[in-house]
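Here are my notes on this model, as promised. Have it open while you read.

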Amino acid sequence: FWLTRSSGCVSAMGERWSARGWSQKVGNRPEKRGRGAAFWQPRDQAVGQSYSPNGQAVRRWSSQHGDTCAVMVTIRSLAGELLLGPEKILRASLVAQLKARIRATRPGVGVKLLAGTRELADSDALADSPQGAEDPLDLSAILEKTFSVVAWGEATYGGQVPPDAQSGVLKLFSSTGAFAVIKEGGAVCAWGHPAYGGDVGGAAPHLLGGVETICAGKNAFVALKSDGSIVPWGNARFGGKLSGAASHRLKEAVVSVEASGEAFAALTKSGMVVTWGAGVFGGDSTALSCELASGVVSVHSTKSAFAALKESGQVVTWGHPGHGGDSRAVAPQLAGGIKTVYNNTTAFAALTHHGAVVTWGNRECGGDMGSVASQLTGNVVTIFSSAAAFSAVKESGSVVTWGRPGEPSIASELLAHGGCCAKTTGNAVALVLDGGCVVTRGEAWSGGDSSRVASQLAGGVTSIESTAGAFAALKENGSVVAWGRSQLGGDSGACAEALSVGGVALRSTQSAFAALKDVNQRVL
């Protein structure tokens, strides 16, 4: 390790140093630490590599352009709006710098820069673009909406948002004890309890960009990237790390990932399913490797089992036997002819092409149709589910409900009749009726009593989330209303102003809430 004050000279070994600023050696390369845009590179190397201030390797420009050569740059949106320039800019300037300038004038907007049809990476210099030798240089920009995140509740489980998630966010996800967001460019930021995925840890270098979506389990997350690769993190025992067998089998692009409570199943482009995580919850599918080697079109899950639907209409199940992993009792009905599969927390319901229903899993929660079985032998159009019940809608418009009686059955039937949503804290339930009116029942201090915010819940509610003892409702006007146990997110007073407008989505952990917020919406 050494530091040197560079002076624009060339060393005896033929290395060109920056015109000014401190350089720090990284391996056998010095890293730019001071002002200026020029970086070290070997004199005889056409394109070198250096390191950005965060230590990430970045591509550098060709020496033929010269360290201080500038180019006239113009950036326009796809609609033709002038966003930057015409302006002389050093060829050595990074794309990230140009994006930052555009974002600074447009809060809440993400930027993708294109040279022709190729998207430029943040770490690219202007001279790295396909038109890098051209002067003037015309670039196009794709603008996309970005959001901020507001969180409240227990900080350990995600109730406090880190700076990296306070702007430039595209999507929000949650496990039982942590939140994760996809940011502009496909980078990932996570926070909350490390045992639930709140710390990306060793996965960080693979989450700097290119992530398209995230699958959340109870204790871990899995990111699916644009190239079809996946990146897990969180509790290693419960899916936060790929097993050796899974890594060996994942040799092709993944198209989707599904989570049971503590295991994951990846579906590849060829229709193969690869699993990892807790074996009893479906992480071990070794016994079904032949059936899952090809031909799978979709994967479904309860909290501890999986069901794979194949092109042939066959359904293959594995995982916790009592929660849908054992379907031997209905094996003949699942051998073919299945159109789609539905699930609740511990049971599955399959719909055949002829409109009949087949169920298995926890008998009390809908795994057994019981007395309504004769009404479900045909003419069923679709199925809705709550946590512990199912409701089937028939061609006639009638609804048939089975599973756990009381709130679970009421909730599933509400959804079947066009209701918005239903959530439970475990001891209380909240239902959104027609017109967005919220009705609550159950243990008062866990959210069953919503009288304190009754006027705010009289209409306009579009979605609800719950922790272990509180609810939060998102309204049409973008405001968020919370009630229940204060330490579990029932009191959002500290961020009341931020939650009064601009909300677009809600997520929750076991004791905290997070809202995705439009930063351009202001309190009037």
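1. Glu465 touches Lys423, Ala470, Phe471, Ala472, Leu506, Arg507, Ser508 and Phe513, leaving aside residues up to four places away in sequence (contact means heavy atoms within 4.5 Å). With Ser508, the side chains make a polar contact of 3.1 Å (N or O atoms within 3.5 Å, one able to donate a hydrogen and the other to accept it; residues adjacent in sequence count only if both atoms are side-chain atoms).

2. Glu465 sits in strand β35 (strands are DSSP E runs of at least two residues, helices H or I runs of at least four, numbered from the N terminus). Glu465 counts as buried because its relative accessibility is 16% (buried is under 20%, with a 1.4 Å probe and protein chains only).

3. A caveat: this is a predicted model, with local features needing pLDDT of at least 70 and side-chain atom pairs pLDDT 80 or more, while totals for chains, interfaces and linings use all residues. Numbering runs from 1 along each chain as its sequence is written, and side-chain values use heavy atoms, without hydrogens and water.

4. Arg76 has Leu82 of β9 as its bridge partner. Four residues lie between the strands, and Gly80 in this hairpin has a positive phi near 95°.

Definitions and conventions: Pairing = 2+ DSSP bridges. Buried < 20%, exposed > 50% of the residue type's maximum accessible area, 1.4 Å probe, protein only.
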